[in-house]
Amino acid sequence: MKKEGASVKTRRFVSNTVVHIVLAALAILWLFPIFWVVMKSFSTDIGPYTTRFWPSELTLNNYKRLFTDTTVLNFPRMFMNTLIVAIFSCLISTFMTLSVSYCMSRLRFKLRKPFMNLAMILTLFPGFMSMVAIYYILRALGLSEGAMIRVALVMVYSGGAGLGFYVAKGFFDTIPKALDEAALLDGATNWQVFTKITMPLSKPIIVYTVLTSFMGPWTDFIFAKVICRANADYYTVAIGLWRMLEKEYITKWFTSFAAGAVLISIPISILFLVTQKFYADGLSGAVKG
Amino acid sequence: MSKGISGLFTKKVSDFATPYTLGAAVRKGDLGTRLSLVVCGAGNMLHRQVGKGILFLLVEAAYIWFMIRSGIYNISMLPSLGWLEQEEVWNEAKGIFEYTAGHQSILILLYGVVTIFLTAMFVVFWRGCLKSAYKAQCLQAEGKHVPGLREDIRELFNSNLQKLLMTVPLLGIVAFTVLPLIFMISMAFTNYSKLGDHLVLFDWVGLANFKKVLSFSDSIGQTFWGVLGWTIVWAVCATAFNYILGMILAIVINRKGTRCKAFWRFCFMLSVAIPQFVSLLIIRTMFNQDGIVNMMLKQWGLISSSLPFFSNATWARIMVILINLWVGIPYTMMQATGILQNIPQELYESARVDGAGPVVTFFKITLPYMMFVMTPYLITQFTGNVNNFNVIYLLSGGNPTPVGSTAGKTDLLVTWLYKLTVDQQYYNLGAVIGILTFVVLAIVALVTYHNTGSYKDEEGFQ
């Protein structure tokens, strides 16, 4: 009896060790590019193609340069542009997504199923197939020049938010319907159920929705490129970073790119990791099985 | 507002049957209701709903004003798409060349499509008016209370909450998704392209573009079948490997013996937390011909010349699938972790009591549960991968590209679409590719989605 227990123990020890070694190797593989770009952002070797992994000297100049050298690529302005666009489109899309999700989950009306089918069909089209068309629509609305470009970006990023209701709807579906019914029996209106019962129970999914919609403008460069065209004053961070890697800039701007990448990744990663619990909850539902 | 489009997919749903239908309104309507056929809101005004009636009338007036101002002209131009070329005219008095404004087909097409849209919306609105008038008439005839505007507004917060909450999102969807899509789809039937110099003035050409793309003899057609094949291979590989490996990773981290679960999850999650285009650009630079990976391998003496990561077709294809694993596995891991922790522990306990080993519990409990919950996720992953622009465009840019071809060896349909429209300005061919991509995805989605439990049994979780 005892002997068998011991062999099970060794077997468990061996398998645990193997698992941990494999996990460690994978983790290194996953973290290597991140680590490399962080090293690069402090490096004094400016170009991307150096033979050394470890930089010869560490410096903060790349970060300084990013915010002071505004002659070719004005990073501070791009940062502000993106921040403004992100805040507004985040507010609008969160409102839209949550509204639609709630309607889809809780209310029963004639157009519900048709709308869900339509949404599914629309998501099957390549997202930016309509890119050129959107540009012409924005031009017809007079939103393609000057400061209106920011409005155009906000509209493009939040316009389709109503279609991204699946995750939030799935979350709302898990909130017991009995709660709503009890409130309705007590004379509450649907609006009160939405604002006073569903919303307070849905913090995880609200955080999730806010986060994903806030991140959109920071990471999109396709629409931003098409809408901004040559208006460098309204470039977002994504276009800026993208341009730093173009052939004419890369040799001089690569370390600045690394610094910029680190800078915008830090807040986004922190937001993401802090709310990681919410994130996972949001995907798996409010009420644990 | 998109009732006009979504109405196409409406099946007869008896749950929402109402006596106030269009037919009944025409057959049994009184003078006021019938007057609403022409003057929206007339019936409501005659049946104690003055405020509502005036609102309806205002909408109709606005529509008529728009149609007279420009709508009728817009639609009349649609069949021809314009013919007037921009011309230089010598101005004697000023002694300069002046340009006469020519027609711009693209704007004519856009305004035409918008006008048709507005008209469709107006028809839906008009039907609504008629029904509303008939309802007011019936309520009055039955001696019931006819709700005033204020009560209607109050109902927006209760029984009609969906109207309040959905209107703005629907408007957004119509303006920025549906309308551009239809606009783009209509381009597929024109010769709007740099080929033959049709960028300003173009015409309807029917199905010619589809024939060109689908034919085996045309060079565009040959490219299409090649790209389609690779797109499907890519999507299947990317989805399947991500799913299987991600799930294994989640299970390995979640198993009892693994220490520091949170730390391991953190390591993998970090790559998700970083904006995708940043990490992809970094990886591309690392795997460049002179990038750090080649340099290090050379330094260690493992290779003598640079590995052709993105310049050889086979290498490039394998690389994009591998790097996509780097991007995708943590996502699946996160999803799977949440679901794993949600599996009721009683199931495992009773299985253990019954003497089931870890392998049996995995195949009998874990896997079926995961499959049930994650099938919709798998489908969205598959469609996401078919439309995965970022990974391909940022990593390989579709390269290597054979000389003279419009698509590279790693180009997916979407990246090819992007190149055709943005770089080549073959807008009509791009639109055709978009439509065909949709067709491929629609077939896959229809077959699988309707067979999944969570679609059929949508209310099962509640």
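**From core to loops**

Setting aside residues up to four places away in sequence, Ile227(A) touches Tyr135(A), Leu138(A), Ile149(A), Ala152(A), Leu153(A) and Val156(A). The model is a predicted one. Ile227(A) is also listed, with Leu153(A), Val156(A), Ala238(A) and Ala261(A), among the residues having the most contacts inside the largest nonpolar core, a set of 163 residues. The largest share of this core, 13 residues, is supplied by helix H8 (residues 161–187) of chain B. Another core lies apart from it and has 9 residues, including Ala25(B), Cys40(B), Cys129(B) and Cys138(B).

The two chains may be considered next. In chain A, 80 residues are in contact with 81 residues of chain B. On the side of chain A that touches chain B, helix H1 (residues 2–41) of chain A gives the most, with 12 residues. Divided by class, that side of chain A has 54 nonpolar, 21 polar and 5 charged residues.

Two packed helices are described by the angle between their axes and the distance between the axes. For helix H5 (residues 50–77) of chain B and helix H6 (residues 105–141) of chain B, the axes come within 9 Å and cross at roughly 150°. Angles over 145 degrees count as roughly antiparallel, and H5(B) is therefore roughly antiparallel to H6(B). The crossing in which H5(B) passes H6(B) is left-handed. Residues making the contact include Phe56(B), Tyr63(B) and Phe66(B) of H5(B), together with Leu118(B), Phe122(B) and Cys129(B) of H6(B). By class, this contact of H5(B) with H6(B) has 12 nonpolar, 4 polar and no charged residues.

The backbone remains to be examined. Most residues other than glycine have a negative phi, and most peptide bonds are trans. Arg229(A), although not a glycine, has a positive phi of about 50°. Arg229(A) is placed in the loop between helix H11 (222–228) and helix H12 (237–244) of chain A, and it counts as exposed because it has 12 C-beta neighbours inside 10 Å. Gln425(B), likewise not a glycine, has a positive phi of about 60° and is found in the loop between H18 and helix H19 (427–449) of chain B. With 16 other C-beta atoms within 10 Å, Gln425(B) is partly exposed. The peptide bond from Asn399(B) to Pro400(B) is cis, with omega near 0°; Pro400(B) has its place in the loop between helix H17 (389–395) and helix H18 (413–423) of chain B.

Conventions. Residues numbered from 1 in each chain as written. Chains lettered and ligands numbered in written order. Predicted model: local features only at pLDDT ≥ 70, side-chain atom pairs only at ≥ 80, totals over all residues. Contact = placed C-beta atoms within 7 Å. Helix = DSSP H or I, 4+ residues; strand = E, 2+ residues; numbered from the N terminus. Nonpolar A, V, L, I, M, F, W, Y, C, P; charged D, E, K, R; others polar. Axes fitted to C-alpha atoms, helices over the stretch in contact; angles between N-to-C directions. Parallel < 35°, antiparallel > 145°, perpendicular 65-115°, else oblique. Left-handed = near helix turned anticlockwise from the far one by under 90°. Core = buried A, V, L, I, M, F, W, Y, C linked by C-beta atoms within 7 Å. Buried ≥ 20, exposed ≤ 12 C-beta atoms within 10 Å, placed from the backbone.
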